[in-house]
Amino acid sequence: MAQLNLHHLRLFRAVASDGTLTGAARALNLSQSALSSQIKALEASLGQDLFERRGRGLVLTEAGRIALDHAEAIFRTAEDLAATLRETGRARRALRVGALATLSRNFQMQFLRPLIARSDVEVVLRSGSQEELLRDLEALALDVILTNVAPARDATSHWLVHRLDEQPVSLIGTPARVGPKAALRDLLASQPLIVPTRETGLRAAFDALAARLQVTPIYAAEVDDMAMIRLLARADAGLAVIPPIVVRDELQSGALVEASRLDGIGETFFAVTRERRFPNPLLRDVLPG
């Protein structure tokens, strides 16, 4: 490969930011033809197409997205070098993680733990709906998605679904509410419950359990956010149907206790990536196998 031209990288970054040759050329005070030839020279030196045309605009290819990540790191490092020669000026590789907004924060921390406090890694974490996150993963704006809902796959799907863990689910509440050991059926029949909403697989499994036990539960709250279920359990609004990992700290401190394990019910956690020629190498540190 020919020696990398940093001037070409700066021009490439400008085109990637604007999304058009015309706008970038205007901002750079260059002719469109001159800018186009410089971008082609960079693509030739890298041996990869960096853009593909869509309508009147340009979008990054997978190689283009990777080139932009490295270009940003190169320019950040150059700026740091101008200010200091200390080791803290080293470039940091980014892992862009999307997490379902309702997903357990404790589980997210467990996934990211191998990267936390590494001086060479920057974690970019954002939350959203499954649809939003999959759209960003498809556009290569994210490297991996954390979810408890495996996306549908067909012959045209690009998704790779990695099963990370399966957590048990329990009835959990304050010590005062749980009281002496009681049978599961008695707890479900007598105590107000904080449960996930009906759209979730966890709720469907719980409803089936209640039907098998011939119990009509008393619902104190139906919530689509595990963090909110945790807060309601701490406030003693009722017994929560929740994986213990979500309230791990409260269980360890004694603020909450496990009233009963819900055998046969579990929550599965997945990491979703996209088929890529150049996957982010940091994924090797967090994905199984």
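Modeller: Let's start with the words for accessibility: a residue is buried under 20% relative accessible area, exposed over 50%, and partly exposed in between (1.4 Å probe, protein chains only). This is a predicted model, where local features need pLDDT of at least 70, side-chain atom pairs count only at pLDDT 80 or more, and totals for chains, interfaces and linings use all residues. Residues are numbered from 1 along each chain as its sequence is written, and side-chain values use heavy atoms, with hydrogens and water left out.

Colleague: Why is Glu 222 called partly exposed?

Modeller: Glu 222 has 37% relative accessibility. That value falls between the 20% and 50% limits, so Glu 222 counts as partly exposed.

Colleague: What makes Glu 222 and Arg 203 a salt bridge?

Modeller: The rule asks for a side-chain nitrogen of Lys or Arg within 4 Å of a carboxyl oxygen of Asp or Glu. Here the N to O distance is 3.1 Å, so the pair meets the rule. Helices (H or I, at least four residues) and strands (E, at least two) are DSSP runs, numbered from the N terminus.

Colleague: Is Arg 203 buried or exposed, and how do you know?

Modeller: Arg 203 has 0% relative accessibility, so it counts as buried. Leaving aside neighbours within four places in sequence, Arg 203 is in contact (heavy atoms within 4.5 Å) with residues including Val 195, Pro 196 and Tyr 219.

Colleague: How many salt bridges does the rule give?

Modeller: The count comes to 19. One of them joins Arg 96 and Asp 69, at 3.0 Å from N to O. Arg 96 sits in strand β3 (residues 93-100) and Asp 69 in helix α4 (residues 62-83), 27 residues apart. Arg 96 is buried at 11%, while Asp 69 is partly exposed at 33%.

Colleague: Why is the pair of Phe 107 and Phe 269 called stacked?

Modeller: Rings of Phe, Tyr and Trp (its six-membered ring) pair if their centres lie within 6.5 Å, with planes under 30 degrees apart counted as stacked, over 60 as edge-to-face and the rest as tilted. For Phe 107 and Phe 269 the centres are 4.1 Å apart and the planes are at 20 degrees, so the pair is stacked. Phe 107 lies in helix α5 (residues 105-112) and Phe 269 in strand β10, so this pair ties together parts that are 162 residues apart in sequence. Phe 107 and Phe 269 are both buried.

Colleague: Which residues touch the most other members of the largest nonpolar core?

Modeller: A nonpolar core is a set of buried Ala, Val, Leu, Ile, Met, Phe, Trp, Tyr and Cys residues joined through side-chain atoms within 4.5 Å. Of the 49 residues in the largest one, those touching the most other members are Phe 111, Leu 171, Ile 194, Phe 206, Ile 242 and Leu 262. Strand β10 (residues 257-274) gives this core its largest share, five residues.
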